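Q: I have a model open and want to learn how to read its packing. Can you take me through it?

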Amino acid sequence: MFIEKDGLTIRRARSYDAAILGKWWRDGQVMAHAGFPLGLDISDEEIKESLERDDNNSARLIIEISGTPVGEMSYRKTDENTAQIGIKICEQNLQGKGHGLRFLKMLINELFTKLSFDRIILDTNLNNIRAQKTYENLGFRKVAVNYDSWKDQLGQIQSSVDYELLKVDYIKQ
């Protein structure tokens, strides 16, 4: 996958991206929202091996602004018609500036038009209000709130929100 628009790029992560992914994944501030406030204990070599296993059913994606990596996205085919996605702007000074919304629009369009998915799902931490507003602005519909459903790395009980976006609803927008 390679999508480029107005200085923003979404591209498949390659083995040479293992170092930047490792930097982000080992950073507890970057990973706290995903339940890893201490970061992940993972080597660049492990990440490289994992990236080499990506196929057409799932992929880690690097997101760039003017050629500089600023975060990651992912998609995974969960059934014939559904893709599950995720996004993380990893450079904190670029969070909250509308980049996530623009990257999500680019990915959603690609998944619906070129990869022919009919449904996109995602989830986020119940405390991540900014992400929820972004998803809802894109037309995602809240389908479930999972209260006290998992524990983060520090043993703190967390809750999550499940969302879905149907192609027919997205096209109507």
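Q: Which residues do ring pairs link into a cluster?
A: This is a predicted model. In it, Tyr 135, Phe 140 and Tyr 163 form a cluster linked by ring pairs. The count of aromatic pairs is 3.

Q: What describes a pair of aromatic rings?
A: The distance of the centres and the angle of the planes. Take Tyr 135 and Phe 140: their centres are 6.0 Å apart, with 65 degrees between the planes. Planes over 60 degrees apart count as edge-to-face, so this pair is edge-to-face.

Q: Are Tyr 135 and Phe 140 buried or exposed?
A: Buried means under 20% relative accessible area. Tyr 135 has 8%, so Tyr 135 counts as buried. Phe 140 has 5% and is buried too.

Q: Which residues of helix H3 are buried?
A: H3 spans residues 44-52, and its buried residues are Ile 47, Ser 50 and Leu 51. Seen down the H3 axis, they fall within an arc of 100 degrees, so they line one face of the helix.

Q: What covers the buried residues of H3?
A: The cover includes helix H1 (18-25) and strand S3 (58-65).

Q: How are two packed helices described?
A: By the angle between their axes and the distance between the axes. The axes of H1 and H3 come within 9 Å and cross at roughly 120 degrees. The two helices are therefore oblique to each other. Their crossing is right-handed.

Q: Which residues meet where H1 and H3 touch?
A: H1 brings Ala 18, Ala 19, Leu 21, Gly 22 and Trp 25. H3 brings Asp 44, Ile 47, Lys 48 and Leu 51. Of these, Ile 47 and Leu 51 are among the buried residues of H3.

Conventions: Residues are numbered from 1 along each chain as its sequence is written. This is a predicted model: local features need pLDDT of at least 70, side-chain atom pairs count only at pLDDT 80 or more; totals for chains, interfaces and linings use all residues. Side-chain values use heavy atoms; hydrogens and water are left out. Rings of Phe, Tyr and Trp (its six-membered ring) pair if their centres lie within 6.5 Å; planes under 30 degrees apart count as stacked, over 60 as edge-to-face and the rest as tilted. Buried means under 20% relative accessible area, exposed over 50%, partly exposed in between (1.4 Å probe, protein chains only). Helices (H or I, at least four residues) and strands (E, at least two) are DSSP runs, numbered from the N terminus. The arc is that of the directions from the helix axis to the C-beta atoms. Contact means heavy atoms within 4.5 Å. Axes are lines fitted to C-alpha atoms, for helices over the stretch in contact, and angles run from 0 to 180 degrees between N-to-C directions. Angles under 35 degrees count as roughly parallel, over 145 as roughly antiparallel, 65 to 115 as roughly perpendicular and the rest as oblique. A crossing is left-handed if the near helix is turned anticlockwise from the far one by less than a right angle, and right-handed if clockwise.
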